[in-house]
Amino acid sequence: MSSNGETHVGRRAVLGMAALGAAGIAFGASIDNAVGGTLTRLSNDLGALGALVPGADEFRIYTVTGSIPVISPASYRLRVGGMVKSPLELSLDDLRAMKRTRLVHYFQCVTGWRVPSVHWEGVQLSEILSHAGATESATALRFLSGDGVYTESLTMSQAQLPDVLVADRMIGDDVTPDHGGPVRLYVAPMYGYKSIKWLDRIEVSDTVVPGYWENFGYPVNGWIGGVA
Ligand SMILES: Nc1nc2c(c(=O)[nH]1)N[C@H]1C(S)=C(S)[C@@H](COP(=O)(O)O)O[C@H]1N2
Ligand SMILES: [Mo]
């Protein structure tokens with residue numbers, strides 16, 4: 001557990017040490033050359049000075065249950081229910097046959113780490129909602145994870161934003177089990193805790209139910225930078 005209670009299943013220690021090793025070499029070279037070129041290059045390659053911190057620019061794998069649910073892609077179904085005209089049960093093939101959206105955007109955890117230029121692909125949440133047909137009085141969505149514990153929420157207007165994806169691909173591959181595959185949410189304008197992994201069910205309703213971390217004090221409106 002880190003200080004804010006987010007569970008971190010570590011697997012980046014080796015990469016972190018590699019970055020430190022590279023930094024050590026770069027410092028040595030810059031002394032020899034009496035120029036900062038090597039350090040500048042290292043810093044450009046890795047994105048920022050933060051790259052000298054072990055694990056910077058890398059995803060941390062989080063799971064509040066302490067384990068990684070393994071969900072068979074063949075039997076996966078995304079259920080959409082509640083205040084909708086047509087409840088849905090979407091297989092991966094269904095999602096792949098829908099209008100697809102790709103975007104490149106950083107991933108920002110509220111605890112401070114950020115991964116730049118992440119490639120995301122899936123179906124806009126708004127597109128899925130248009131198939132389900134939310135009723136007039138629906139104002140909120142609740143997301144439930146296949147881990148049986150994690151939950152999230154969005155307002156209906158947040159859910160309509162074009163950069164909110166039901167994602168089945170990220171970083172150039174199918175979403176892996178540790179990143180929440182086969183399907184996770186990606187809410188680009190909000191902190192990572194909104195991007196629920198192992199997305200199992202979407203319930204459309206007229207009440208925002210605060211999500212897992214929101215019960216521990218994170219803002220329900222998780223805009224990056226804290227704008228309400
Ligand atoms: N089901 C589930 N979804 C989750 C979490 C989690 O613990 N369980 N952690 C959240 C937080 S705080 C972050 S920053 C991201 C981390 O995504 P990653 O594990 O792919 O790096 O997932 C979010 N979605
Ligand atoms: Mo996070």
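Analyst: A quick definition to start: Ala, Val, Leu, Ile, Met, Phe, Trp, Tyr, Cys and Pro count as nonpolar, Asp, Glu, Lys and Arg as charged, and the others, Gly among them, as polar. This is a predicted model, where local features need pLDDT of at least 70 and side-chain atom pairs count only at pLDDT 80 or more, while totals for chains, interfaces and linings use all residues. Residues are numbered from 1 along each chain as its sequence is written, chains are lettered from A and ligands numbered from 1 in the order in which they are written, and side-chain values use heavy atoms, with hydrogens and water left out.
User: So how do the residues around ligand 1 divide?
Analyst: That shell has eleven nonpolar, five polar and five charged residues.
User: And which come nearest?
Analyst: R60, H179, R184, S195 and K197, out of 21 residues around ligand 1 (a heavy atom within 4 Å counts as near).
User: What lies 2.5 Å from an oxygen atom of ligand 1?
Analyst: A polar side-chain atom of K197. A side-chain N or O atom of D147 is 3.0 Å from a ligand nitrogen.
User: Switching topic, what pLDDT does the protein chain average?
Analyst: The average is 83, and 75% of the residues score at least 70; pLDDT is the predictor's confidence in each residue, from 0 to 100.
User: Where does pLDDT stay under 50?
Analyst: Over residues 10-51, including 30 contacts beyond four places in sequence (heavy atoms within 4.5 Å). Residues 1-5 also stay under 50, with six such contacts.

Note on methods. A polar contact is a pair of N or O atoms within 3.5 Å; within protein, one must be able to donate a hydrogen and the other to accept it, and residues adjacent in sequence count only if both atoms are side-chain atoms.
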